[in-house]
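User: I'd like to learn how to read aromatic contacts and surface features from a set of coordinates. Can you walk me through it?

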Amino acid sequence: QVQLVESGGGLVQPGGSLRLSCSASGRTISNAAMGWFRQAPGQEREFVAGISWNGGSTYYADSVKGRFTISRDNAKSTVYLQMDSLKPEDTGVYYCSQVVGKIPYDSWGQGTQVTVSS
């Protein structure tokens, strides 16, 4: 099983930026598609962004398209989420996972809190 650790969250004003990291250990993720998800209070966890095993393909939820960028460094077993032009509705706990398309599988990390507020 892969162990995932998300980091980089925090409090940011609307219009600001954050860069999240997802570090993997225990088993390689270099041959797996990876995704970012988020969960706002009282809401279900939702897909945010995904990336193919080699980074050649990326895909996004409509709500973040043009503002968020997913990337990966397989040598470091790390997946990133650059979040720009943040909005209050981006607030939530962000998680990463291995994915098939937009469907997560295997394990979750503990998540990292992102709060967008003035």
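Analyst: We'll take ring pairs, then charges over rings, then the surface. Keep in mind that this is a predicted model.

User: Fine. How many aromatic pairs does a search of the whole structure find?

Analyst: The search turns up 4 aromatic pairs. To sort a pair, look at the angle between the ring planes: under 30 degrees counts as stacked, over 60 as edge-to-face. Phe-47 and Tyr-59 have ring centres 5.7 Å apart and planes at 15 degrees, so this pair is stacked.

User: And where do Phe-47 and Tyr-59 lie in the chain?

Analyst: Phe-47 is in strand S5 (residues 46–51) and Tyr-59 in strand S6 (residues 58–60), so to speak two distant parts of the chain, 12 residues apart, linked by the pair.

User: Are those two buried or partly exposed?

Analyst: One of each. Under 20% relative accessible area means buried. Phe-47 comes in at 13%, so it counts as buried, while Tyr-59, at 23%, is partly exposed.

User: What about the rings of Tyr-95 and Trp-108?

Analyst: Their planes stand at 75 degrees with the centres 5.9 Å apart, so that pair is edge-to-face. Here too the pair links distant parts of the chain, 13 residues apart: Tyr-95 belongs to strand S9 (residues 92–100), and Trp-108 to the loop between S10 and strand S11 (112–116). Tyr-95 is buried at 12% relative accessibility, whereas Trp-108 is partly exposed at 34%.

User: Which residues form one aromatic cluster?

Analyst: Phe-37, Phe-47, Tyr-59, Tyr-95 and Trp-108 do.

User: Now charges. Which ring does the charged end of Arg-45 sit over?

Analyst: That's the ring of Trp-108, with the charged end 4.3 Å from its centre. Elsewhere, Arg-19 lies over the face of Tyr-80, 4.0 Å from the ring centre.

User: On to the surface. Which residues form a nonpolar patch there?

Analyst: Val-100, Ile-103 and Tyr-105, which together have about 300 Å² of accessible area. Tyr-105 sits in strand S10 (residues 103–105) and is partly exposed, with a relative accessible area of 35%.

User: Last one: what is Asp-106 in contact with, leaving aside neighbours within four places in sequence?

Analyst: Gln-1, Val-2, Arg-27 and Gln-98. Asp-106 is in the loop between S10 and S11 and counts as partly exposed at 34% relative accessibility.

Notes:
Residues numbered from 1 in each chain as written. Predicted model: local features only at pLDDT ≥ 70, side-chain atom pairs only at ≥ 80, totals over all residues. Heavy atoms only, no water. Patch = residues over 30% accessible without salt bridge, like charges linked within 9 Å, V, L, I, M, F, W, Y side chains within 5 Å. Areas by Shrake-Rupley, 256 points an atom, 1.4 Å probe, with all protein chains shown as cover. Salt bridge = Lys/Arg side-chain N within 4 Å of Asp/Glu carboxyl O. Helix = DSSP H or I, 4+ residues; strand = E, 2+ residues; numbered from the N terminus. Buried < 20%, exposed > 50% of the residue type's maximum accessible area, 1.4 Å probe, protein only. Phe/Tyr/Trp six-rings, centres within 6.5 Å; stacked < 30°, edge-to-face > 60°. Lys NZ or Arg CZ within 6 Å of the ring centre and 35° of its normal. Contact = heavy atoms within 4.5 Å.
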